[in-house]
Every structure is written in structure tokens, then in C-alpha cells.
Amino acid sequence: MIPNHHYDELVSSYLFYNIDQKVSAYVKDHPDAKLYKMGIGDVTLPLADVVIKALHEGVDDQSKKATFHGYLPEVGADFLREAVQGHYKERGVDLDIGEIFVSSGASDELSHILNLFDKKNSALVMEPAYPAYVDANVMEGREIIHLPSSRDNGFLPMPTDDLKADLIYICSPNNPTGAVFNKEQLKAWVDYANAHNSVIIFDAAYECFIADPELPHSIFEIPGARTCAIEICSFSKTAGFTGTRCGYTVIGKDLEREGMNLNAMWVRNRTTRSNGVSYIIQKGAAAVFTPEGQEQIQKNIDVYRNNAKVVMAALDELGLWYCGGKNSPYIWMACPDGMDSWTFFDKLLNEAQIVGTPGEGFGDCGEGYFRFSMFGDPDDTKEAARRLVELLK
Ligand SMILES: Cc1ncc(COP(=O)(O)O)c(C=O)c1O
């Protein structure tokens with residue numbers, strides 16, 4: 001037996017391990033201290049009532065012979081796929097139900113989808129980036145093309161003539177920077193991908209935080225995307241499903257490379273490698289798209305959005321550069337006084353009891369920056385913002 005030696009090539013991610021170590025050491029020395037946690041991008045508000053009701057109904061359905069469900073279609077239950085289809089229609093995007101695949105979450109899907117692509121392809125990752133993009137490809141032995149971004153381009157890198165990439169990851173709104181591509185910028189990437197036979201993997205995990213009506217939520221709002229893009233979506237941040245697990249993926253039926261149809265390949269993949277997502281969870285997820293569901297999830301999203309407003313006001317008062325926050329649950333700030341991101345982490349922890357995430361953990365070009373997550377408690381966020389101003393003014 002030969003193990004997958006590509007695992008040897010993974011660069012150990014010390015990011016959250018180091019944060020945990022530092023936080024644990026601080027708590028040991030200061031057992032009574034309250035910490036203001038703005039590090040991890042996990043939601044804190046419970047599921048919407050309408051989702052809870054649907055989950056209960058799903059459980060009850062499974063208790064009676066007449067409503068019991070065994071295996072569902074591997075690609076997802078029609079009732080959920082139709083709900084997703086309706087959601088896209090409201091945005092002006094027409095999808096065939098066969099282009100929608102229910103998944104157990106974006107993270108699983110971002111990794112599984114790679115099975116569609118030869119290992120000789122290269123994968124372009126715009127950095128700073130969600131670390132899974134690089135790691136999932138390294139595990140399979142693909143070449144990674146790191147495309148750094150900076151404050152100068154608003155952390156939104158654009159394609160250039162000399163760029164060569166087969167798979168292209170786009171995360172918009174971006175984790176960790178909160179930057180969002182506008183339609184024109186996305187069109188440039190779509191045109192690049194169509195011209196170079198590349199495929200874009202569009203991670204829309206944070207689309208629900210887009211407030212600006214001009215910004216695209218889906219890459220399928222861009223002409224030409226159907227022939228070059230796969231969109232990966234999640235209920236995690238949209239509807240608080242991080243611990244419940246559900247998402248969906250869109251692959252147009254006209255996405256083909258070398259005469260192979262990627263939609264048909266994905267149907268084949270799912271029907272072979274998966275037996276689908278639980279009926280109960282899909283019932284809960286479908287409730288998200290009802291009018292009450294949309295209203296209730298919006299209330300939670302607004303809580304996180306208000307957190308962002310509070311932190312942005314503090315950073316404005318301090319005159320510090322940042323991006324994100326307006327259309328994203330993340331705020332990406334330049335560390336003050338040219339501090340490196342771990343020094344700033346230590347300062348915030350030790351002097352203000354605030355925990356954030358050092359930018360260096362998202363790629364080399366993240367050094368000198370710092371990420372705050374807006375998924376915390378509103379009162380804690382207000383106090384953290386007050387402490388930030390007091391510490392740095
Ligand atoms: C950019 C991005 N994509 C995907 C995911 C994973 O989402 P899911 O919970 O659906 O697996 C995350 C989670 O934080 C994320 O930040």
C-alpha cells in the first residue's frame with residue numbers, strides 16, 4: 001500500500017492552533033477575564049423558527065409509514081431544488097432543476113468537485129484566501145498558482161494576459177478580506193475562463209451579506225458564466241446551518257470541456273459517491289426559501305450586519321484602513337503602526353481581551369492585516385469596539 005504522499009506537501013496550518021494556544025495560555029493566567037471572540041467565522045444565532053418547525057415536521061414524517069422517506073435522489077430532493085431554482089429566478093437567473101445539486105455543505109463540495117478535473121490541471125488561488133482551496137488541491141497533487149492581492153487593488157486581483165490557470169477559485173464576498181467583485185470585474189474573469197478553457201469555482205458562501213444592489217450574488221448573473229463556472233453555495237452563513245449542514249452547487253448543462261459535460265459527470269459522481277443529504281435536513285433547508293424563512297434569516301443577517309457597522313465606526317474613528325464589513329461578515333483591517341499581524345493579535349488579546357485572526361494565516365500577502373468576524377454577540381461586539389478605540393486612539 002502506498003499512501004498519498006501529497007499529504008507530505010501540505011504546509012501545516014498553525015493559524016487556529018496557534019490562536020487556541022495563545023488564548024488558552026491567557027485564560028490560564030487570567031481565569032476571570034472575559035474574552036471578546038471575533039476570530040472564528042462561525043455563526044452564533046439559532047436557526048430561524050420556520051426552519052426548526054420544518055425540521056420537526058421532517059422528523060414526524062419519518063415516524064409514519066405514509067410519510068416516511070428512505071433514500072432520496074442523490075442529487076437532492078426536488079422540493080429543495082425547486083426552492084433553489086425559485087430563489088435564482090428572483091435574481092433573474094434561469095436554471096434548470098437538473099443544474100442544481102443539493103450538498104452537505106460548501107466545504108465538502110469544494111473538495112469533492114475536484115474529482116471532475118485531471119490532476120495535471122493547475123489551480124489558481126487569489127490570496128489572501130480561505131485555506132481549504134490550496135490544501136484540497138495540494139492533497140491531489142495539483143500545481144497551485146498563488147495570485148496575491150493587496151490594498152492597491154482593493155484585494156480584488158484581475159486576470160492578466162500572461163496568466164495561465166486551469167481551475168480558478170473566486171470567493172466573493174471574500175473570506176478573509178470581505179472584498180466583493182463587481183459585475184464588470186467578474187465579467188473579466190468569465191471572459192478569461194471562456195477564452196482559456198479554464199473553469200471557475202465560484203464560492204458564494206457569503207453572498208447573503210451583499211447589501212449593495214449593484215453587486216452580483218451569483219456568477220450566473222454574468223453573461224458567459226454558464227460555459228465556464230461552477231457555483232458553490234451554503235446555508236451555513238445564510239441561515240445558520242454551520243452545525244446543521246446543507247448547501248447546493250450549480251453546474252450549467254452547457255459546461256463542457258474536451259467534449260465532456262461537467263453537469264452529466266457530476267450527476268454520475270453524486271450517484272456513485274453519495275446517497276444524498278438527509279430528508280429532514282433538506283426539509284429544514286427548503287423552509288429557508290419560504291417568505292417567512294427569508295424574513296427570519298434576514299433578521300439574523302441584520303444582527304451580524306449591525307455588528308459590522310459598530311466595528312467599522314470604531315475603525316473610522318481611529319482612522320485605520322479596512323475593507324469588507326459593508327457587504328460581508330468580515331472586516332479586514334491594516335494593523336496599526338506597521339505592526340505584524342501576530343504582534344497585533346498579542347496586543348489585542350493582552351491589552352483589550354479581543355481575539356481576532358492574524359492575516360498572515362491566509363497567505364503571505366495577508367501579513368500586516370487582521371480579520372475580525374462579525375458573527376458575535378451584539379453587546380460583546382459593542383464592548384470590543386469600545387475597547388479597540390480606547391486601546392488604539
Ligand atoms: C469561503 C468559505 N467557503 C466555504 C466555507 C464552508 O462552508 P460550509 O459550512 O458550507 O462547509 C466557509 C466556511 O467558513 C468559507 O469561509
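These notebook entries record what I looked up in one predicted model.

**Ground rules.** I worked on a predicted model in which local features need pLDDT of at least 70 and side-chain atom pairs count only at pLDDT 80 or more, while totals for chains, interfaces and linings use all residues. I numbered residues from 1 along each chain as its sequence is written, and I took side-chain values from heavy atoms, with hydrogens and water left out.

**Ligand site.** I began with the ligand, which is surrounded by 15 residues, a residue being counted if one of its heavy atoms lies within 4 Å of the molecule. The closest are Ala106, Asp203, Tyr206, Ser234 and Ser236. I then looked for polar contacts (pairs of N or O atoms within 3.5 Å; within protein, one must be able to donate a hydrogen and the other to accept it, and residues adjacent in sequence count only if both atoms are side-chain atoms). An N or O atom in the side chain of Asp203 is 2.6 Å from a nitrogen atom of the ligand, whereas the polar side-chain atom of Arg245 lies 2.7 Å from a ligand oxygen and that of Asn175 lies 2.8 Å from an oxygen atom of the ligand. Of the 400 Å² of accessible area that the ligand has on its own, the protein covers 92% (Shrake-Rupley method, 1.4 Å probe; for residues, only the protein chains shown count as cover).

**Backbone.** Pro176 is in the loop between strand 5 (167-171) and helix 6 (183-196), where helices (H or I, at least four residues) and strands (E, at least two) are DSSP runs numbered from the N terminus. I noted another cis bond from Glu127 to Pro128, with omega near 5°, and Pro128 is found in the loop between strand 3 (122-127) and helix 5 (132-138). Phe155, in the loop between strand 4 (143-148) and strand 5, has a positive phi near 60° although it is not glycine. I flagged these entries because most residues other than glycine have a negative phi, and most peptide bonds are trans.

**Helix 12 and its partners.** I next followed helix 12 (residues 378-392), which packs with helix 10 (residues 291-318) at an angle of about 10°, the axes being 9 Å apart. Axes are lines fitted to C-alpha atoms, for helices over the stretch in contact, and angles run from 0 to 180 degrees between N-to-C directions. The two helices, helix 10 and helix 12, are therefore roughly parallel (angles under 35 degrees; over 145 is roughly antiparallel, 65 to 115 roughly perpendicular and the rest oblique). Contact here means heavy atoms within 4.5 Å, and the residues that meet include Val303, Asn307 and Leu318 in helix 10 and Pro378, Lys382 and Leu392 in helix 12.

With helix 11 (residues 341-352), the axis of helix 12 comes within 11 Å and crosses at roughly 105°, and I therefore recorded helix 11 and helix 12 as roughly perpendicular. Phe344, Lys347, Leu348, Glu351 and Ala352 of helix 11 make this contact with Arg387, Leu388, Leu391 and Leu392 of helix 12.

**Asn261.** Lastly I checked Asn261, which is in strand 10 (residues 260-261). Its side chain reaches the backbone oxygen of Lys253 at 2.7 Å, and a polar contact of 3.3 Å joins the side chains of Asn261 and Glu256.
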